[in-house]
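Look at the sequence and the model below.

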Amino acid sequence: MVNRNRAGSEGVVRALDRLNAVLTTADLAQLNEQVDSWRRLPEDVARNYLVRKGLLANRRHDGSRPSGLQPAERRPPS
């Protein structure tokens with residue numbers, strides 16, 4: 001949770017409002033499971049979620065568009 005007055009720019013506030021409109025408790029639990037149990041990288045899990053929800057353009061790190069979502073990479077066990 002982020003305090004609106006401390007969120008930063010209006011762009012940050014709008015982005016958080018859009019996320020807040022779609023993120024459910026079940027979504028959050030599933031995202032946590034992917035990171036904690038499936039050992040996926042948090043940034044990959046978050047990116048895939050945001051793309052799936054239409055909050056982020058489906059682009060690779062190099063700016064190109066993949067033909068489909070790439071599976072999230074797994075982290076080595078710690």
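The buried residues of helix α3 are Asp44, Val45, Asn48, Tyr49 and Val51, where buried means under 20% relative accessible area, exposed over 50%, and partly exposed in between (1.4 Å probe, protein chains only). These residues lie on the same side of α3, because they cover an arc of only 165° around the axis; the arc is that of the directions from the helix axis to the C-beta atoms. In general, an α-helix has 3.6 residues a turn, so residues three or four places apart point the same way. The cover over the buried residues of α3 includes α1 (10-22) and α2.

The model is predicted, and its local features need pLDDT of at least 70, side-chain atom pairs count only at pLDDT 80 or more, and totals for chains, interfaces and linings use all residues. Residues are numbered from 1 along each chain as its sequence is written, and side-chain values use heavy atoms, with hydrogens and water left out.

The protein chain has three helices and zero strands, in the order α-α-α along the sequence. Helices (H or I, at least four residues) and strands (E, at least two) are DSSP runs, numbered from the N terminus. Of the 78 residues of the chain, 19% count as buried.

How do α2 and α3 cross? The axes of α2 (residues 25-36) and α3 (residues 42-52) come within 9 Å and cross at roughly 145°. Axes here are lines fitted to C-alpha atoms, for helices over the stretch in contact, and angles run from 0 to 180 degrees between N-to-C directions. On the α2 side, Asp27, Leu31, Gln34 and Val35 meet Pro42, Val45 and Tyr49 of α3, contact meaning heavy atoms within 4.5 Å. By class, this contact has five nonpolar, one polar and one charged residues; Ala, Val, Leu, Ile, Met, Phe, Trp, Tyr, Cys and Pro count as nonpolar, Asp, Glu, Lys and Arg as charged, and the others, Gly among them, as polar.

Gln34, found in α2, counts as buried because its relative accessibility is 8%. Not counting residues up to four places away in sequence, Gln34 touches Arg39, Arg40 and Val45.

Leu50 belongs to α3 and is partly exposed, with a relative accessible area of 26%. Leaving aside neighbours within four places in sequence, Leu50 is in contact with Leu19, Leu55 and Leu56. Leu50 and Leu19 are 31 residues apart in sequence and 8.3 Å apart in space, C-alpha to C-alpha. After α3 comes Gly54, whose phi is positive, near 75°.
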